[in-house]
Amino acid sequence: MLTGKQKRYLRSLAHHLTPIFQVGKGGTNDHLVRHIQEAIEVRELIKVSVLNNNDEDPREIGAELAEKSGCELVQVIGKTIVLYKESVDHKEIELPR
């Protein structure tokens, strides 16, 4: 579980990132979750964009993606979701205490 200070730090790092995955009208699926797990192991911090043709609430999508992929949900702002998971092999982000 991330503290408020850690989430604030991760949000500042994520500000300049571009979304690398998109959730369309098909919603989330196992294929998308597997790709997110692979990408987050390398990058630690990613953004996911929810397209306009998706009718679901981005907060629900973010919570579902975080739960299925084992990540922490850092932020949902508009239709952009920020996810974090500490990497085992490619650790670069040092969280404040």
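Lys 68 pairs up with Glu 64 in a salt bridge, with 3.0 Å between the closest N and O atoms. Both residues sit in helix 3, four residues apart, or about one turn of the helix. Keep in mind that this is a predicted model.

- Helix 3 covers residues 58–69, which makes 12 residues.
- From first C-alpha to last, helix 3 reaches 16 Å, close to the 16 Å expected at 1.5 Å a residue.

- On the buried side you'll find Pro 58, Ile 61, Gly 62, Leu 65, Ala 66 and Ser 69.
- Looking down the axis of helix 3, these buried residues fall within an arc of 130°, so they line one face of the helix.
- An α-helix has 3.6 residues a turn, so residues three or four places apart point the same way.
- The cover over the buried residues of helix 3 includes helix 2 (30–43), along with strand 1 (21–23), strand 2 (45–50), strand 3 (72–77) and strand 4 (80–84).
- Turned away from the buried side, the other face carries the exposed residues Arg 59, Glu 60 and Glu 67.

**A look at Ser 69**
- Ser 69 belongs to helix 3 and has a relative accessible area of 4%, so it counts as buried.
- The Ser 69 side chain reaches the backbone oxygen of Leu 65 at 2.6 Å.
- Setting aside neighbours within four places in sequence, Ser 69 is in contact with Val 33, Ile 36, Gln 37 and Lys 85.

**Salt bridges**
- The structure has three salt bridges.
- Side chains of opposite charge can pair when their charged atoms come close.
- For the Lys 68 and Glu 64 pair, Lys 68 is partly exposed at 41% relative accessible area, and Glu 64 is partly exposed too, at 24%.
- Arg 59 bridges to Asp 57, the closest N and O atoms being 3.8 Å apart.
- In that pair, Arg 59 is exposed at 57% relative accessibility, while Asp 57 is partly exposed, with a relative accessible area of 30%.
- Lys 91 and Glu 86 also meet through their side chains in a salt bridge, at 3.9 Å from N to O.
- Lys 91 is partly exposed at 38% relative accessibility, and Glu 86 is partly exposed at 46%.

Notes: Residues are numbered from 1 along each chain as its sequence is written. This is a predicted model: local features need pLDDT of at least 70, side-chain atom pairs count only at pLDDT 80 or more; totals for chains, interfaces and linings use all residues. Side-chain values use heavy atoms; hydrogens and water are left out. Helices (H or I, at least four residues) and strands (E, at least two) are DSSP runs, numbered from the N terminus. The expected span of a helix is 1.5 Å times one less than its number of residues. Buried means under 20% relative accessible area, exposed over 50%, partly exposed in between (1.4 Å probe, protein chains only). The arc is that of the directions from the helix axis to the C-beta atoms. Contact means heavy atoms within 4.5 Å. A polar contact is a pair of N or O atoms within 3.5 Å; within protein, one must be able to donate a hydrogen and the other to accept it, and residues adjacent in sequence count only if both atoms are side-chain atoms. A salt bridge is a side-chain nitrogen of Lys or Arg within 4 Å of a carboxyl oxygen of Asp or Glu.
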